[in-house]
Amino acid sequence: MNIHALSELERARYYMIEQQIRPWHLSDENVLDALLEVKRERFVPPAMEGAAFSDTELPLIVDGIDTGETMLFPSLEARLTQELQLKPSDGVLEIGTGSGFQAALLACLCQQVTSIEINSTLAGFAKNNLQRNKITNVTVETGDAHAGWGTTEYDAILLTGSVPTIPDALKYQLAIGGRLVAVVGQQPVMTVTRITRTSAASFDVELLFDTNIKALHGTAISHFKF
């Protein structure tokens, strides 16, 4: 690839992928292709467009309203996507829509995404972003899904905010063979965890890597100390 033939915008995207994301144990070429396809700068608040490719969290300020939420840094968005191990036929539940960018990434790799956002301002922002980018296999709904959503079983579930523990109700919304990825713990110790449902009542748990992100809204945080 002739980097110098790319526009300034596309060079910034290329460097984000090659210098920030790929070196962070990102080996799934399908995920890397999705990062090229989904234009991250179209999902950030307008005032943040210049920072769309920086490996940092971005505040989600929508129409002058500070929602108190942030977009995850792009390398983490990519790793969470990779760890779901998505297949084209998968149905996915995302809890915490934010700007809609993470859902758009997932949508490139699966059949259908149902994304739940507790903040109605953000839900509207995400819907507009997805519509403008002609992403039609994501449904955004408003509500609190930290302890489950409906009765549908999903092939994959992603939580975009941290939780102190993973509710059993969410684990039982996985289909057999389904994977749930979440950041589990409380500051300063949080671990990206993948749970795979292996039978009607059995689950495998894998501890993948450490990170630190904001808590999922609707989640009760324990302040008890020994």
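Me: In this predicted model, buried means under 20% relative accessible area. What share of the 226 residues of the protein chain counts as buried?
Reply: The structure under discussion is a predicted model. With the cut-off set at under 20% relative accessible area, the buried share of the 226 residues in the protein chain comes to 51%.

Me: How many helices and strands does the protein chain have, and what is its radius of gyration?
Reply: The protein chain has six helices and nine strands. For 226 residues the globule rule gives 17 Å, and the chain lies close to that value, so it is as compact as a globular protein of that length. Its C-alpha trace spans about 55 × 40 × 35 Å along the principal axes. The radius of gyration is 17 Å.

Me: Which residues have the most contacts inside the largest nonpolar core?
Reply: The largest nonpolar core has 49 residues. Helix H4 (residues 101-107) gives the largest share of this core, six residues. Apart from this core lies another, of 16 residues, among them Leu93, Ala145, Val163 and Leu180. Within the largest core, the residues with the most contacts are Leu35, Val113 and Val138.

Me: Which residues does Val113 touch, leaving aside those up to four places away in sequence?
Reply: Val113 is one of the residues with the most contacts inside the largest nonpolar core. Not counting residues up to four places away in sequence, the partners of Val113 are Val92, Glu94, Ala103, Leu106, Ala107, Asn137, Val138 and Thr139.

Me: Is Cys110 buried or exposed?
Reply: Cys108 is partly exposed, with a relative accessible area of 31%. The relative accessibility of Cys110 is 8%, and the cut-off for a buried residue is under 20%. Cys110 therefore counts as buried.

Me: Which helices are included in what covers the buried residues of H1?
Reply: Helix H1 (residues 8-21) has 14 residues and reaches 19 Å from its first C-alpha to its last, close to the 20 Å expected. In H1, the residues Arg13, Met16, Ile17 and Ile21 are buried. The cover over the buried residues of H1 includes helix H2 (29-37) and helix H3 (74-83).

Notes. Residues are numbered from 1 along each chain as its sequence is written. This is a predicted model: local features need pLDDT of at least 70, side-chain atom pairs count only at pLDDT 80 or more; totals for chains, interfaces and linings use all residues. Side-chain values use heavy atoms; hydrogens and water are left out. A nonpolar core is a set of buried Ala, Val, Leu, Ile, Met, Phe, Trp, Tyr and Cys residues joined through side-chain atoms within 4.5 Å. Buried means under 20% relative accessible area, exposed over 50%, partly exposed in between (1.4 Å probe, protein chains only). Helices (H or I, at least four residues) and strands (E, at least two) are DSSP runs, numbered from the N terminus. Contact means heavy atoms within 4.5 Å. The radius of gyration is taken over C-alpha atoms; the globule rule is 2.2 Å times the number of residues to the power 0.38. The expected span of a helix is 1.5 Å times one less than its number of residues.
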